[in-house]
Amino acid sequence: MKQSLSIPSVLSLLALVLLLWGCGSRRPSVTPNSSTRQNREAMAFSSARPIAAPWQVKANLTLEVEGSSISLDANASVVVGEGIYASLRPFVLFEIARVYLLPEEIVIIDKHNKTYLRASYQQLNAVCQDQFPLPLSYPLLEGLLLGYLPQELEVEKMVTPHQALVKLPQNKLSLLYTIGENMRPNALESSPVSGGVLKATYTHYTSHEKGLLPDRCSYRVLQDGASTLSLEVEGSSYRRSEQARDHLIVTIPSGYRQLTIKEALQLISSLFQ
């Protein structure tokens, strides 16, 4: 009998990518017998980082779950290592949600239902550990969403000059990165998680300059080879602006009710029933 991912499982996988698109030093994990060339390639891939500048981004998101799809416009602020903010709109002048992905917490404000979710990564991991055995953290999410190796991960080995195998610490999950120009990932594929596989591709149209954000990101969750969830994020404009930091300040509107994590999962599950 064919198994399908439950909505909580899908959401847990999507947590790697859905919150809309750090810093510090890392050393690639290599064995003493690794070739000098492999060491250099692993080090170069590990040290490649986005430009540490405040970005204002306009993008379009298309989310499809088991045949149902929705498209949203997003006005986003990205400050590498500090946070990601996104205002989501189905059409101009009608904001339905705000998303804050911050180093200590995740905040989602549902403006349609006048509710909000505010949770630390520790709280999210405690609730979602049965659905998805990957501990969520800000560096992990930021790295995956911005198309760079998360700062807390290390290269285990270079499979080829253009493929890097990364294993998560204290976890059986591994990520295989395909590396393009300037050591930026073109694609990644996870090992199976509860029977599902996460695949992502990153496309750079505008420039070969190091450190720029990807122009297009595509994410898919596959179950038994069939796509159960997909997210396409395509940027239409990118500019550097100090005002991006101002958008990382969380403001909860007066009168909004706070949801528990389980309530939020149940609410989202109901949208796809």
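This is a predicted model: local features need pLDDT of at least 70, side-chain atom pairs count only at pLDDT 80 or more; totals for chains, interfaces and linings use all residues.
**Entry: the partner of E95**
I then checked what E95 pairs with. R98 makes a salt bridge with E95, and their closest N and O atoms are 2.9 Å apart. I found R98 to be partly exposed, because its relative accessible area is 26%.

**Entry: a pair between two strands**
Next I looked at R216, which forms a salt bridge with E232; here the closest N and O atoms are 3.1 Å apart. This pair links distant parts of the chain, with R216 in strand β12 (residues 216–223) and E232 in strand β13 (residues 226–240), 16 residues apart. I noted R216 as partly exposed at 26% relative accessibility, and E232 as partly exposed at 23%.

I moved on to E242, which forms a salt bridge with R245, the closest N and O atoms being 2.8 Å apart. Salt bridges with shared partners join E82, E242 and R245 into one network. E242 is exposed, since its relative accessible area is 55%, while R245 is partly exposed at 32%. My tally of salt bridges comes to eight.

**Entry: helix α3**
Last, I turned to helix α3 (residues 121–128) and found Y121, L124 and C128 buried there. These residues cover an arc of only 60° around the axis, so they lie on the same side of α3. A handy reminder for me: an α-helix has 3.6 residues a turn, so residues three or four places apart point the same way.

Technical notes
Residues are numbered from 1 along each chain as its sequence is written. Side-chain values use heavy atoms; hydrogens and water are left out. Buried means under 20% relative accessible area, exposed over 50%, partly exposed in between (1.4 Å probe, protein chains only). Helices (H or I, at least four residues) and strands (E, at least two) are DSSP runs, numbered from the N terminus. The arc is that of the directions from the helix axis to the C-beta atoms. A salt bridge is a side-chain nitrogen of Lys or Arg within 4 Å of a carboxyl oxygen of Asp or Glu.
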